[in-house]
Amino acid sequence: MKQARAMRTRDQVLDAAAEEFALHGYAGTNLATVAVRTGMTKGALYGHFPSKKALADELVSQSTETWNTIGRSIAETACAPETALRALVLAVSRQMKHDIRFRAALRLAADCTMPAGGAPDLLDRIRREMAAAARDTQQQQDPYSPLATQPPDVVVHLLLTVAYGLSFAAERGAPGRSPATTDKVWELLLTALQLEEISTCHN
């Protein structure tokens, strides 16, 4: 019972910290504010995590495991390179939209004020996997298609920028940023890159 309660409190701290990191980045997050979000004293919070870096590292570690699971699933089920690329793109968008810890981890990964740790590795892994899928897709597409005419790193940068931007707008409650609008943005972009949804696979 005591252990289960401690785990619940730990999860509460992680979620509160994720909210702060996602909104304010590493440098802008204060543990006193995290403590207020949880209703704990700062001393009680330190009983679970000794520092801001320990909190950030745990969020990144969990999100890395989450992404590893997602990546394995896509690799096992994608029937074509363009299917894999589309799935990776939408997985990033979905996780940023629905998983506050993942959103915080990617904010930390892009935050140059984050001390050395695993955060950049997570973002680099996502970029590498998407770039590899983009290269494989280019080999299957018409050489004059929008995707094939650009370096994979440029395509990945565009896709991740859109994912970040949509998530940021949603956090701020910007007008017109409804889920339906977000879906239409992705539909427009993926169609422009000729990554529209593929309903059947050919063995």
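Does aspartate 11 count as buried, exposed or partly exposed, and what is its relative accessibility? In this predicted model, aspartate 11 has a relative accessibility of 32% and counts as partly exposed, because that class lies between the 20% limit for buried and the 50% limit for exposed.

Aspartate 11 has a charged partner. Its side chain forms a salt bridge with arginine 101, and the closest N and O atoms are 3.4 Å apart. Arginine 101 is buried, since its relative accessible area is 14% and buried means under 20%. The pair also belongs to a network of salt bridges that links Asp11, Asp15 and Arg101.

The side chains of glutamate 20 and arginine 37 meet at 2.6 Å, N to O. Glutamate 20 lies in helix α1 and arginine 37 in helix α2, residues 31-38, so the pair ties together parts that are 17 residues apart in sequence. Glutamate 20 is buried, with a relative accessible area of 5%, whereas arginine 37 counts as partly exposed at 41% relative accessibility.

A further salt bridge lies within one helix. Arginine 127 and aspartate 124 form a salt bridge whose closest N and O atoms are 3.8 Å apart. Both residues are in helix α7, residues 119-140, and because they are three residues apart there, about one helical turn separates them. Arginine 127 is partly exposed, with a relative accessible area of 38%, and aspartate 124 is also partly exposed, at 32% relative accessibility. In total, the count comes to six salt bridges.

The aromatic rings come next. A pair of aromatic rings is described by the distance of the centres and the angle of the planes. Here the count comes to two aromatic pairs. One of them joins phenylalanine 21 and tyrosine 26: the ring centres are 6.0 Å apart and the planes are at 0°, so the pair is stacked. The cut-off behind this is that planes under 30 degrees apart count as stacked. Phenylalanine 21 and tyrosine 26 are both buried.

What lies over the face of tyrosine 26? Lysine 52 does, at 4.4 Å from the ring centre.

Definitions and conventions. Residues are numbered from 1 along each chain as its sequence is written. This is a predicted model: local features need pLDDT of at least 70, side-chain atom pairs count only at pLDDT 80 or more; totals for chains, interfaces and linings use all residues. Side-chain values use heavy atoms; hydrogens and water are left out. Rings of Phe, Tyr and Trp (its six-membered ring) pair if their centres lie within 6.5 Å; planes under 30 degrees apart count as stacked, over 60 as edge-to-face and the rest as tilted. Buried means under 20% relative accessible area, exposed over 50%, partly exposed in between (1.4 Å probe, protein chains only). A charge sits over a ring if NZ of Lys or CZ of Arg is within 6 Å of the ring centre and within 35 degrees of the ring normal. A salt bridge is a side-chain nitrogen of Lys or Arg within 4 Å of a carboxyl oxygen of Asp or Glu. Helices (H or I, at least four residues) and strands (E, at least two) are DSSP runs, numbered from the N terminus.
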